[in-house]
Amino acid sequence: MITAIALASVAAAAHAQTAPAPGTQSAQGLGGPAIAGVCLLSRQAVLSNAKVAVAATDRLRTLTQEAQQEIDAERKPLDADIQAFNAESSKLSEPQRQQRQQALQARLQPIETKTRVRAREIDATREKALERISTELQPVVAQVYKQRNCGLLIDRSSVIGGNMTNDLTAAVTQALDAKISTITFNRETLPAEKTAS
């Protein structure tokens with residue numbers, strides 16, 4: 001199903017941690033002095049918590065549900081026929097059973113193909129939305145980086161412990177929220193897969 005396959009949200013982790021308050025020890029408990037010029041950022045947390053990312057995730061969820069409803073509507077009559085076949089299968093001769101199986105498989109194949117196409121379209125849509133948000137995010141990161149006099153920016157998720165005072169995550173999220181809070185997009189359209197010969 002599309003929902004199971006492709007509902008990868010724009011937010012890579014919906015439960016990503018937000019930055020601790022400046023001057024407090026990190027959850028790792030190691031603390032220590034702040035190192036001037038060394039700053040931290042969790043892009044994952046920004047892409048989970050920024051308003052534009054939340055809006056994009058909601059829109060992607062809606063597009064995924066719409067695609068799933070389309071597939072379900074096409075699949076429903078076929079599922080009823082498959083159930084009827086399964087109930088009658090033991091009463092059919094082998095040639096009749098094979099003929100009905102082939103007919104059902106012929107009806108199922110285009111639905112399975114469309115399911116794969118819709119899943120790829122949702123994935124392409126997610127990638128395009130993430131690319132757009134990342135394009136908006138980059139100058140915001142650069143701006144906050146300069147404002148905080150950073151000389152080195154480290155991915156916060158790679159830090160085992162230490163003083164998290166120079167964590168830019170919350171400031172970057174707030175600045176991105178001030179710059180853009182939503183985006184609109186539709187599902188990307190890809191050509192249908194060709195059936196294997």
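1. The lining of the second largest pocket divides into 8 nonpolar residues, 4 polar ones and no charged ones. This is a predicted model, and the pocket's volume in it is about 180 Å³. Residues from several parts of the sequence take part. Among the lining residues are Pro33, Ala34, Ile35, Val38 and Leu40. Ile154, Val159, Gly161 and Gly162 also line this pocket. So do Asn163, Met164 and Asn166. On how such spaces are found: a probe the size of a water molecule, rolled over the atoms, shows where empty space is left.

2. Next, the overall layout. The protein has 5 helices and 2 strands. Along the sequence, their order is α-β-α-α-α-β-α. The protein has 197 residues, and 34% of them are buried.

3. Look at the pairing of two helices. Helix H3 covers residues 51–88, and helix H4 covers residues 94–147. The two pack at an angle of about 175 degrees. Their axes are 11 Å apart. An angle over 145 degrees counts as roughly antiparallel, so H3 is roughly antiparallel to H4. The contact of H3 with H4 has 17 nonpolar, 4 polar and 11 charged residues.

4. Now the core. The largest nonpolar core has 25 residues. Those with the most contacts inside it are Val46, Val52, Leu137, Leu168, Val172, Leu176 and Ile183. Several elements each supply at least two residues of this core: strand S1 (38–41), helix H2 (43–49), H3, H4 and helix H5 (169–179). Which helix gives the most to the core? H4 does, with 7 residues. As general background, nonpolar side chains in soluble globular proteins tend to be buried together.

5. Leu168 is one of the core residues with the most contacts. It is found in the loop between S2 and H5. Is Leu168 buried or exposed? Its relative accessibility is 0%, so Leu168 counts as buried. Leu168 and Val144 are 24 residues apart along the chain. Their C-alpha atoms are separated by 7.2 Å.

6. Turn to Val141. This residue has its place in helix H4. Val141 counts as buried because its relative accessibility is 7%, and the cut-off for buried is under 20%. Val141 and Leu153 are 12 residues apart in sequence. In space, they are 9.9 Å apart, C-alpha to C-alpha.

7. Thr62 sits in helix H3. Thr62 and Arg187 are 125 residues apart in sequence. From C-alpha to C-alpha, Thr62 and Arg187 are 9.9 Å apart in space.

8. Last, check Asn149. Asn149 lies in the loop between H4 and strand S2 (152–155). It is not a glycine, yet it has a positive phi of about 55 degrees. Its relative accessibility is 63%, so Asn149 counts as exposed; the cut-off for exposed is over 50%.

Conventions: Residues numbered from 1 in each chain as written. Predicted model: local features only at pLDDT ≥ 70, side-chain atom pairs only at ≥ 80, totals over all residues. Heavy atoms only, no water. Axes fitted to C-alpha atoms, helices over the stretch in contact; angles between N-to-C directions. Helix = DSSP H or I, 4+ residues; strand = E, 2+ residues; numbered from the N terminus. Parallel < 35°, antiparallel > 145°, perpendicular 65-115°, else oblique. Nonpolar A, V, L, I, M, F, W, Y, C, P; charged D, E, K, R; others polar. 1 Å grid on protein atoms, 1.4 Å probe; cavity = no way out; pocket = protein on both sides within 12 Å on 5 of 7 lines; lining within 4 Å. Points joined across faces, edges and corners; volume = space filled by probe spheres on them. Core = buried A, V, L, I, M, F, W, Y, C linked by side-chain atoms within 4.5 Å. Buried < 20%, exposed > 50% of the residue type's maximum accessible area, 1.4 Å probe, protein only.
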